[in-house]
Amino acid sequence: MFDQLTERFESFFKKIRGHGKLSEDNIRDSMREVRRILLEADVNFKVVKDFIGRVQEKALGQEVIKSITPGQQVIKIIHDELIVLLGEGQSRLDLSGLPPIPLMIVGLQGSGKTTFCAKLALHLRRKGKFPLLAAADVYRPAAIDQLKQLGKQLDIPVWAPGQANPVQICKDALVEARKTGRDVVLMDTAGRLHIDQEMMDELVKIREAVKPPEILYVADGMGGQDAVKAALEFAAKLDFNGVVLTKMDGDSKGGAALSIRAVTGKPIRFIGNGEKPDALEEFHPDRMASRILGMGDIVTLVEKAQETVDQESAEKLAEKIARQEFTLEDFLDQFKQIKKMGSLDQILGMVPGLGKQLKGMELDEKELKHTEAIILSMTLEERRKPHLINGSRRKRIAIGSGTSVQQVNQLLKQYEQLRGMMKSMGKMKGRRGKMPKIPFPM
Amino acid sequence: MGLFSKLKNGLTKTRAKLGGQIRSIISSHSKISEELYDELEETLITADVGIDSTLAILETLREKVRKVSTNGDPEIIYDLLTDTIDEVMRPAAEEKPLNLGHTPSVILIVGVNGSGKTTTIAKLTYHFLKQNKKVLLAAADTFRAAATEQIVEWGDRLGVQVIQQGHGADPAAVAFDALQSAKARGFDILIVDTAGRLHNKANLMHELEKIYRAMKKQDPEAPHEVFLVLDGTTGQNALQQAKIFQETSGVTGLVITKLDGTAKGGAVIPICRELGIPLRFIGIGEKMEDLEPFDPSAFARALLASDEDSE
């Protein structure tokens, strides 16, 4: 997500960071470069113009030119302005009022509304809510079937009465929710073009009928210059509260994200970044600004870890490390925990400064699988006492896991190195009395 | 209604914005100046033409102007710009005419999620049925929930048979079966739907290669056409999509959808220019008949046409 944007900024920053002195011409040149980067990333033309205007004005101020590190100053200005563009502070879903709370999901065709509905339902359930999905897209063939199937997969009820009036479906869904004790109703509306008045009016009717405290506008993260036009039209008609960006796991530069926020003034609430139902992230503007500029996003990483790693087993592991009893079994455990957090490149993308180094290096998820297979091919005793693993055992393990003896050797070597590292960490504990809560094997 | 005016109607909103915009830019200048070029640049960029292609188009335009103009009258810009865009789009379309003379001719439909593949298939089916061709569909999107149901429903509406194996089946097997059956039963056209996939997902792209290979086993020349369906509202990422789909599944043509909104679909220009992939069809509405075969000069003219132009 935002990878290419990040990359361009990184190389640009490298260029200007070195400058001991920046002349007005230097600054104007660098603004041209920033403009190009943003336009290539599909940031809306007008938004770019305003952005450049503001940055340039500040950059031409006396402070920058007189500063000892003018390059750094310019970077800081860009970073700050980027946060302004993305919206200051985090925005939360408004679920106030008497349950059941209706939430309307709207957007253009193919933006990913139905998939997002399922993701949001899962997200809310994890936060202790009891969601109901309402299938109000009566136009697209099989859209209702799609939501039903997703609901079934996630074990979340779907209100799909099989009638043709979306307004009535949404009203009835609230009645159903009241009856069955559901506290949030997610209404999946049909995709429509912003210039189709009749269809836009239908959304207004739904809004009047159910009075949702929150309407979410779903936008395709790969959208181009026109993305803001559609968003503005929906905002004018419906006054939605928040924006959801989908398909952010592609290699789009995500400029539409910046633009939609900038022109509608509505905060971005969520980012969809994968096909799986749990591939949904809450949006944090400051973290996103850092990520765009290649400064990493360690906060999200830690949060993700806290969400998925179970506290108790983490503490147990910390103890084991302290007592230097870290076995291959624990090693396997760690792998599973990390896998739960998402794909490897997603996780590594959040580590500051890593973005650039990983470029061009293919992250092989297969290798992780091999590692797992190797450990799974060991007996329990071997996992606990790896020193038992002699030549013939290695051969057996290699055959059992479909790998080679070299790969088995390699893994055992890695494990030994890790143990060595942990030994020194264990000693650290003695000195400083503090252990990291979430240990990573890498 | 002639092709040009139909296309023009379909591109009305596009035209109203882009053609009208360019006309008014030209008429607001009394001579050809740097400001005029700057405004043209802005217009092309906001049409998603992309910065590289925009600069290249303007460079060619400047050359043409230098050759022609002596008095600096901006009126000539309009025709010269139309010619320039036409020249960018034309070679790919002329070098690679549609390859659908086989029985059956196989069209593989690929694209990212939500680009409008299934709707495009319905429109293509209607297009070929009108030419009295026998069409068979294959539901090889076995991944997305209810994708098979969606295409089966279209099949029912159009009275066309759909080969399917249901959710979770091997898409390559569906494609293989469908081609076998199209051959045995003498269909003219087989259209194969595939699951939407983001082009940066290696596994999914491998799956596409497998579908491709499975069909080759039945008929070494199949698929005869591979259409990449592109959402007309997509920005500069479209080029990246086209590049990777071309590498993995040998895209032979583009279908651009959702041009009935306000999006201008200018992203096809860099794709034609840099990758030489021709634009085949344009989706200009929600109805089954809202699909037009692409004609480069008609496209360029319709894109830049304004109200006083007529057939």
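This is a predicted model: local features need pLDDT of at least 70, side-chain atom pairs count only at pLDDT 80 or more; totals for chains, interfaces and linings use all residues.
Conventions. I number residues from 1 along each chain as written, with chains lettered from A and ligands numbered from 1 in written order. Local features need pLDDT of at least 70 and side-chain atom pairs pLDDT 80 or more, while totals for chains, interfaces and linings use all residues, and side-chain values use heavy atoms without hydrogens or water.

Cores. I looked up the nonpolar cores, meaning sets of buried Ala, Val, Leu, Ile, Met, Phe, Trp, Tyr and Cys joined through side-chain atoms within 4.5 Å, where buried is under 20% relative accessible area with a 1.4 Å probe and protein chains only. The largest has 70 residues, and B:Leu61, B:Ile77 and B:Met215 are among those with the most contacts inside it. Its largest share, seven residues, comes from helix 5 (residues 76-95) of chain B; helices are DSSP runs of H or I of at least four residues, and strands are E runs of at least two. A second, separate core of 68 residues includes A:Phe51 and A:Leu245.

Helix contact. I then found that the axes, lines fitted to C-alpha atoms over the stretch in contact, of helix 2 (residues 24-40) of chain A and helix 4 (residues 51-68) of chain B come within 9 Å and cross at roughly 110°. That makes the two helices roughly perpendicular, a class covering 65 to 115 degrees. The contact (heavy atoms within 4.5 Å) involves residues including A:Arg35 and B:Asp52.

Strands. Strand 7 (residues 279-283) of chain B has five of its five residues buried. Strand 6 (residues 253-257) of chain B pairs with strand 7 of chain B in the parallel sense over three bridges, pairing requiring at least two DSSP bridges, and B:Val255 stands opposite B:Phe281.

Methods. Buried means under 20% relative accessible area, exposed over 50%, partly exposed in between (1.4 Å probe, protein chains only). Axes are lines fitted to C-alpha atoms, for helices over the stretch in contact, and angles run from 0 to 180 degrees between N-to-C directions. Angles under 35 degrees count as roughly parallel, over 145 as roughly antiparallel, 65 to 115 as roughly perpendicular and the rest as oblique.
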